[in-house]
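Good morning, and thank you for joining the group meeting.

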Amino acid sequence: MEPEYSQLAETICRQANAHPKPRYLVAIAGIPGSGKTTTAQKVVCQLNRITRKAIILSMDGFHLSRAALNQLPDPKEAHIRRGAPWTFDVTRFVSFVRQLRTWADETPLAIPGSGTWSGADILHAPTFDHEAKDPVENGTCITPDASILILEGNYLLLDEPGWQEIAGLADYRVFVDSDPQEVRGRLAQRHLQAGIEKTLEEGYRRVDSNDFLNAILVREKLLTPDMVLTSVPVESDI
């Protein structure tokens, strides 16, 4: 799969070089367990090797907190379906991507390692603590020496209110495709091996109650990407 990662990195770098603005914004989407996070990580490594500083920004930081889920009309269902589009703060996420787009276009590009920057030049974003199972405010910062910004997440190309604006804010859109039935089996096995469920049957039940439903939605309401990747390795998270 490394040649595919290299090809994608080279495509992004080439288009970024031709882009008239200081930075290039890429959206990498895919169904749960498709390999989108692995793809983003590998591509960023490739880009950084060819002297273009790139960073990853995950939409996971915009999960509703567990406390916020408890305030929804059906808290039990909200926790079971955590990871579905409606369990994210999509309004805040879209607002952040708009801010990111403006920052990317208007903040002068700095030379990597050129020194410290003022607070006005740095953009902060939340991250997600998988151990605590909650977002972390200002978990990462985006410094002005970053020239390629890669957003990754399940719903970046989702044709639903709110989400559908993301695609238009990106310069390049990538979809990591995978057969939902194949991923279903992998995720069930993962739940079993991680000790989340005690039997494979329970693993499938867990997947079918959430991840599989999300996967079908992502594929059914997919906005047209600029590139589709298939058969990538399964990522370590979902």
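This is a predicted model: local features need pLDDT of at least 70, side-chain atom pairs count only at pLDDT 80 or more; totals for chains, interfaces and linings use all residues.

Let me begin with a question: are F88 and W163 buried or exposed? Both F88 and W163 are buried.

I turn to the aromatic residues. A search of the whole structure finds six aromatic pairs. In one of them, the ring centres of F62 and F96 are 5.4 Å apart and the planes meet at 40°, so this pair is classed as tilted. F62 sits in the loop between β2 and α3, while F96 belongs to helix α5, residues 90–106, so the pair ties together parts that are 34 residues apart in sequence. F62 and F96 are both buried. The pair of F88 and W163, with which I opened, is edge-to-face, at 5.9 Å centre to centre and 85° between the planes. F88 is located in the loop between α4 and α5, and W163 in the loop between β5 and α6; the pair therefore ties together parts that are 75 residues apart in sequence. Ring pairs link F62, F88, F93, F96, Y155 and W163 into a cluster.

In general, nonpolar side chains in soluble globular proteins tend to be buried together. Here the largest nonpolar core has 41 residues, and F96, L100, I142 and L149 touch the most other members. Elements that give two or more residues to this core include β1, β2, β3 and β5, as well as α6, α7 and α9. Helix α5 gives the most, with eight residues. Setting aside neighbours within four places in sequence, F96 is in contact with L57, F62, L123, H124, A125 and I142. There is also a second, separate core of 20 residues, and L8, A16, I148 and V174 are among its members.

Which strand pairs with β3, and in what sense? Strand β3, residues 123–129, pairs with strand β4, residues 134–142, in the antiparallel sense over six bridges. L123 has I142 in β4 as its bridge partner. The two strands form a hairpin with four residues between them. Within that turn, K133 has a positive phi of about 65°, although K133 is not a glycine. K133 counts as partly exposed because its relative accessibility is 47%. A further non-glycine residue with positive phi is N138, near 55°, which is found in strand β4 itself. N138 counts as exposed because its relative accessibility is 51%, and the cut-off for that class is over 50%.

R66, in helix α3, and K133 are 67 residues apart along the chain, yet their C-alpha atoms are separated by 7.8 Å. Beyond residues up to four places away in sequence, R66 touches H79, R82, A132, K133 and D134. A polar atom of the R66 side chain lies 3.1 Å from the backbone oxygen of A132. With a relative accessibility of 37%, R66 counts as partly exposed.

R23 lies over the face of W103, at 4.3 Å from the ring centre. R23 is also among the contacts of T107, together with P22, T102, D121 and P144, leaving aside neighbours within four places in sequence. T107 is found in the loop between α5 and β3, and counts as buried because its relative accessibility is 9%.

Finally, I come to strand β6, residues 172–177. How many of its six residues are buried? Six of the six are. As a general rule, the side chains in a regular strand alternate between the two faces of the sheet. In β6, Y172, V174 and V176 point one way and R173, F175 and D177 the other, and all are buried. Strand β6 runs parallel to β1, joined by five bridges, with R173 as the bridge partner of A27. Strand β6 also pairs with β7, residues 227–230, in the parallel sense over four bridges; there V176 stands opposite L229. V174, as noted, is among the members of the second core.

That concludes my presentation, and I welcome your questions.

Notes: Residues are numbered from 1 along each chain as its sequence is written. Side-chain values use heavy atoms; hydrogens and water are left out. Buried means under 20% relative accessible area, exposed over 50%, partly exposed in between (1.4 Å probe, protein chains only). Contact means heavy atoms within 4.5 Å. A polar contact is a pair of N or O atoms within 3.5 Å; within protein, one must be able to donate a hydrogen and the other to accept it, and residues adjacent in sequence count only if both atoms are side-chain atoms. Two strands pair if DSSP finds at least two bridges between them. Rings of Phe, Tyr and Trp (its six-membered ring) pair if their centres lie within 6.5 Å; planes under 30 degrees apart count as stacked, over 60 as edge-to-face and the rest as tilted. A charge sits over a ring if NZ of Lys or CZ of Arg is within 6 Å of the ring centre and within 35 degrees of the ring normal. A nonpolar core is a set of buried Ala, Val, Leu, Ile, Met, Phe, Trp, Tyr and Cys residues joined through side-chain atoms within 4.5 Å.
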